[in-house]
Amino acid sequence: NESGFDIKYIIAPHLIKPENINDFISGINLKAVKFSEATAENVVDAKVMIIDGIGFLSHLYQYGNIALIGGGFGKGIHNILEPATFGLPVFFGPNFAKFNEATELIKCGGAYSISDFQQLYDKLYYLLNNEEALKKNSYICSEYIKSNKGATEIISGLIKKNI
């Protein structure tokens with residue numbers, strides 16, 4: 001890659017049937033390993049890890065620096081709070097208006113709506129080549145999550161109080 005970084009990808013496809021995963025792997029020109037087959041040895045050389053099971057992604061965000069989550073090109077977006085919890089700046093498509101956390105994180109500078117590959121590439125290139133900007137974006141995401149902790153308890157208390 002042009003940035004000089006050793007970029008590795010964790011990809012969580014929507015369809016995790018073995019034939020879909022195998023088709024995906026055969027269609028990329030990078031060494032890939034399935035999460036179910038990952039070992040300490042084979043992940044070292046792999047550039048892509050494909051999540052081929054349910055329930056693992058939320059635990060893997062801790063190893064990332066940036067998250068491109070699904071959605072935003074149709075009706076909505078996937079969960080952005082999980083990657084933000086780990087301080088990952090989050091990217092998603094332009095249809096996010098129904099999601100308050102997406103709107104707020106964009107305003108704060110911790111999330112980005114992209115409409116095409118060029119926008120994604122330009123912003124990723126900037127963040128990967130500007131350590132201070134990446135740290136700032138990460139901090140914004142972490143602080144956003146911290147500042148909104150306890151919302152469930154507050155709402156539950158209000159519901160109980162008014163029943």
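This note walks through some features of a predicted model, point by point.

1. **The sheet.** Start with the strands. Three of them form an open sheet, in the order β4-β5-β6. The pairing is parallel. The edge strands are β4 (67–68) and β6 (111–113). Each edge strand pairs on one side only.

2. Look next at β4 and β5, where β5 covers residues 90–92. These two strands pair in the parallel sense, over two bridges. Which residue of β5 is the bridge partner of Leu68? It is Phe91.

3. **A helix across the sheet.** Helix α6 lies across β4, β5 and β6. Its direction is about 170° to that of β5. Helix α6 spans residues 117–128.

4. The structure holds four aromatic pairs. One of them joins Phe117 and Tyr121. Their ring centres are 6.1 Å apart and their planes meet at 35°, so this pair is tilted. Both residues lie in α6, four residues apart, about one turn of the helix. Tyr121 also pairs with Tyr125. Here the centres are 5.9 Å apart, with 20° between the planes, and the pair is stacked. Why is one pair tilted and the other stacked? Planes under 30 degrees apart count as stacked, over 60 as edge-to-face, and the rest as tilted. Tyr121 and Tyr125 are likewise four residues apart in α6, about one turn.

5. Phe117, Tyr121 and Tyr125 form one aromatic cluster. How exposed is each member? Phe117 has a relative accessible area of 61%, so it is exposed. Tyr121 is at 30%, so it is partly exposed. Tyr125, at 37%, is partly exposed too. The spacing along the helix is worth a thought. An α-helix has 3.6 residues a turn, so residues three or four places apart point the same way.

6. Side chains of opposite charge can pair when their charged atoms come close. How many salt bridges does the structure hold? There are three. One links the side chains of Glu37 and Lys34, at 4.0 Å from N to O. Is Lys34 buried or exposed? Its relative accessible area is 16%, so Lys34 is buried. Glu37 has 47%, so Glu37 is partly exposed.

7. Helix α7 covers residues 131–147. The side chains of Lys135 and Glu131 meet in a salt bridge, 3.4 Å from N to O. These residues are four apart in α7, so about one helical turn separates them. Lys135 is partly exposed, with a relative accessible area of 47%. Glu131 reaches 55%, so it counts as exposed. Further along, Glu143 forms a salt bridge with Lys146. The closest N and O atoms of that pair are 3.5 Å apart. Glu143 and Lys146 are three residues apart in α7, about one turn. Glu143 is partly exposed at 29%. Lys146 is exposed at 52%.

8. **The span of α7.** How many residues does α7 have? It has 17. From its first C-alpha to its last, α7 reaches 24 Å. That is close to the 24 Å expected at 1.5 Å a residue.

9. **The buried residues of α7.** Several residues of α7 are buried, including Ala133, Leu134 and Asn137. Ser138, Ile140 and Cys141 are also among them. What do the buried residues of α7 pack against? They pack against α4 (81–85), α5 (100–108), β6 and α6.

10. **A loop residue.** Finish with His14. Where does His14 lie? It is in the loop between β1 (9–11) and α1 (18–26). At 73% relative accessibility, His14 counts as exposed. Now compare sequence with space. His14 and Gly70 are 56 residues apart in sequence. In space, their C-alpha atoms are 8.8 Å apart.

Notes:
Residues are numbered from 1 along each chain as its sequence is written. This is a predicted model: local features need pLDDT of at least 70, side-chain atom pairs count only at pLDDT 80 or more; totals for chains, interfaces and linings use all residues. Side-chain values use heavy atoms; hydrogens and water are left out. Buried means under 20% relative accessible area, exposed over 50%, partly exposed in between (1.4 Å probe, protein chains only). Rings of Phe, Tyr and Trp (its six-membered ring) pair if their centres lie within 6.5 Å; planes under 30 degrees apart count as stacked, over 60 as edge-to-face and the rest as tilted. Two strands pair if DSSP finds at least two bridges between them. Contact means heavy atoms within 4.5 Å. Axes are lines fitted to C-alpha atoms, for helices over the stretch in contact, and angles run from 0 to 180 degrees between N-to-C directions. The expected span of a helix is 1.5 Å times one less than its number of residues.
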